Amino acid sequence: NTSTDKLIGPGLAGIGSNGEDYVRESIIDPGAVIADGFNDLMPKSFKSQIKEADLDDLIAYLETL
């Protein structure tokens, strides 16, 4: 990123260091915790739109970043 890049959300690098519960909540309820300097722009919930196994796989992937 350069200083002219417009970011609409925080980067995902290191997100796994926040713990699995934080990552899960961020996917299921994106507005629960908003990173400083960013707005709540995500849809309100993905809970009914993602299968539990897919959510587990997504969390496992994000923890590798």
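What percentage of the 65 residues of the protein chain count as buried? In this predicted model, the figure is 12%.

**View 1. Overview of the protein chain.** The chain holds 2 helices and 0 strands. Its C-alpha trace spans about 40 × 25 × 15 Å along the principal axes. Among contacts with a separation of 6 or more, 56% join residues 24 or more positions apart.

**View 2. Crossing of helices α1 and α2.** Helix α1 covers residues 20-28, and helix α2 covers residues 52-62. Their axes come within 10 Å and cross at roughly 125°. An angle over 145 degrees would count as roughly antiparallel, and 65 to 115 as roughly perpendicular; α1 and α2 are therefore oblique to each other. The crossing of α1 and α2 is right-handed.

**View 3. Contact between α1 and α2.** From α1 come Glu20, Val23, Arg24, Ile27 and Ile28. They meet Glu52, Leu55, Asp56, Leu58, Ile59 and Leu62 of α2. By class, this contact has 7 nonpolar and 4 charged residues, with no polar ones.

**View 4. Buried side of α2.** Leu55, Ile59 and Leu62 are the buried residues of α2. These residues lie on the same side of α2, because they cover an arc of only 65° around the axis. An α-helix has 3.6 residues a turn, so residues three or four places apart point the same way. Helix α1 is included in what covers the buried residues of α2.

**View 5. Opposite face of α2.** Ala53 and Asp57 are exposed. Both are carried on the face of α2 turned away from its buried side.

Conventions
Residues are numbered from 1 along each chain as its sequence is written. This is a predicted model: local features need pLDDT of at least 70, side-chain atom pairs count only at pLDDT 80 or more; totals for chains, interfaces and linings use all residues. Side-chain values use heavy atoms; hydrogens and water are left out. Axes are lines fitted to C-alpha atoms, for helices over the stretch in contact, and angles run from 0 to 180 degrees between N-to-C directions. Helices (H or I, at least four residues) and strands (E, at least two) are DSSP runs, numbered from the N terminus. Angles under 35 degrees count as roughly parallel, over 145 as roughly antiparallel, 65 to 115 as roughly perpendicular and the rest as oblique. A crossing is left-handed if the near helix is turned anticlockwise from the far one by less than a right angle, and right-handed if clockwise. Contact means heavy atoms within 4.5 Å. Ala, Val, Leu, Ile, Met, Phe, Trp, Tyr, Cys and Pro count as nonpolar, Asp, Glu, Lys and Arg as charged, and the others, Gly among them, as polar. Buried means under 20% relative accessible area, exposed over 50%, partly exposed in between (1.4 Å probe, protein chains only). The arc is that of the directions from the helix axis to the C-beta atoms.
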